[in-house]
Amino acid sequence: MTVTSHSNDTMRTQLVERLRDRITRKLVGTADRRELAASLRRIAADSCGNGAFRTRMTGASSRVKEVRPELERLARRLADPDPVDGRGVALTKALLSDGAGPLYWARSPESLGARLREAFAALEPRA
């Protein structure tokens with residue numbers, strides 16, 4: 001390996017680390033967290049027919065009704081100003097954006113409750 005190749009690898013690694021840090025800071029920022037919390041609350045409200053307006057893509061209502069308390073608990077934790085781990089925010093974002101996942105597809109083999117609990121647990125900052 002040449003000196004140039006080694007320094008390119010080092011620079012590339014540093015760039016990837018800085019990018020990952022920037023993405024993590026954005027994920028754990030209050031604006032993104034509030035937006036995710038609001039989405040979870042809308043889905044929970046829509047599943048019970050209590051929503052002020054219907055979301056474009058509503059959740060699989062039978063599944064969402066069953067886990068409504070967990071949805072609301074996750075929303076409260078995301079909206080809380082206490083620090084969170086970016087992994088939990090990313091898991092929540094993935095759940096909300098996966099149209100073929102258990103939140104939106106009633107026949108999904110995945111457990112919606114398990115996914116919500118996993119995201120909630122992953123929000124706790126690591127020591």
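The protein contains six helices and zero strands; helices (H or I, at least four residues) and strands (E, at least two) are DSSP runs, numbered from the N terminus. Read from the N terminus, the order of elements is α-α-α-α-α-α. This is a predicted model, in which local features need pLDDT of at least 70 and side-chain atom pairs count only at pLDDT 80 or more, while totals for chains, interfaces and linings use all residues. Residues are numbered from 1 along each chain as its sequence is written, and side-chain values use heavy atoms, with hydrogens and water left out.

Of the 127 residues in the protein, 35% are buried. Buried means under 20% relative accessible area, exposed means over 50%, and partly exposed lies in between (1.4 Å probe, protein chains only). The protein exposes about 8100 Å², with 54% of that supplied by carbon and sulfur atoms; the areas come from the Shrake-Rupley method with a 1.4 Å probe. Among contacts (heavy atoms within 4.5 Å) with a separation of 6 or more, 67% join residues 24 or more positions apart.

Helix H5 (residues 86–97) packs on H6 at an angle of about 150°, and their axes are 7 Å apart. Axes here are lines fitted to C-alpha atoms, for helices over the stretch in contact, and angles run from 0 to 180 degrees between N-to-C directions. H5 is therefore roughly antiparallel to H6, since angles over 145 degrees count as roughly antiparallel, under 35 as roughly parallel, 65 to 115 as roughly perpendicular and the rest as oblique. The two helices, H5 and H6, cross in a left-handed sense, meaning that the near helix is turned anticlockwise from the far one by less than a right angle (clockwise would be right-handed). H5 contributes Arg-87, Gly-88, Leu-91, Thr-92, Ala-94 and Leu-95 to the contact, and H6 contributes Leu-112, Arg-115, Leu-116, Glu-118, Ala-119 and Ala-122. These residues of H5 and H6 divide into seven nonpolar, two polar and three charged; Ala, Val, Leu, Ile, Met, Phe, Trp, Tyr, Cys and Pro count as nonpolar, Asp, Glu, Lys and Arg as charged, and the others, Gly among them, as polar.

Ala-122 belongs to helix H6. Ala-122 counts as buried because its relative accessibility is 8%. Leaving aside residues up to four places away in sequence, Ala-122 touches Asp-85, Arg-87, Gly-88 and Leu-91. From Ala-122 to Gly-88 the C-alpha distance is 4.2 Å, although 34 residues separate them in sequence.

H6 (residues 112–122) also packs against helix H4 (residues 68–79), at an angle of about 20° and with axes 10 Å apart. H4 and H6 are therefore roughly parallel to each other. On the H4 side the contact is made by Glu-70, Leu-71, Arg-73, Leu-74 and Arg-77, and on the H6 side by Gly-113, Leu-116, Arg-117, Ala-119 and Phe-120. By class, the contact of H4 with H6 has five nonpolar, one polar and four charged residues.

The loop between H4 and H5 holds Pro-81, which counts as exposed because its relative accessibility is 69%. Pro-81 and Thr-30 are 51 residues apart along the chain, with 7.2 Å between their C-alpha atoms.

Helix H2 (residues 30–47) meets H5 with axes that come within 11 Å and cross at roughly 40°. H2 is therefore oblique to H5. The contact joins Asp-32, Arg-33, Leu-36, Ser-39, Leu-40 and Ile-43 in H2 to Val-89, Thr-92, Lys-93 and Leu-96 in H5.
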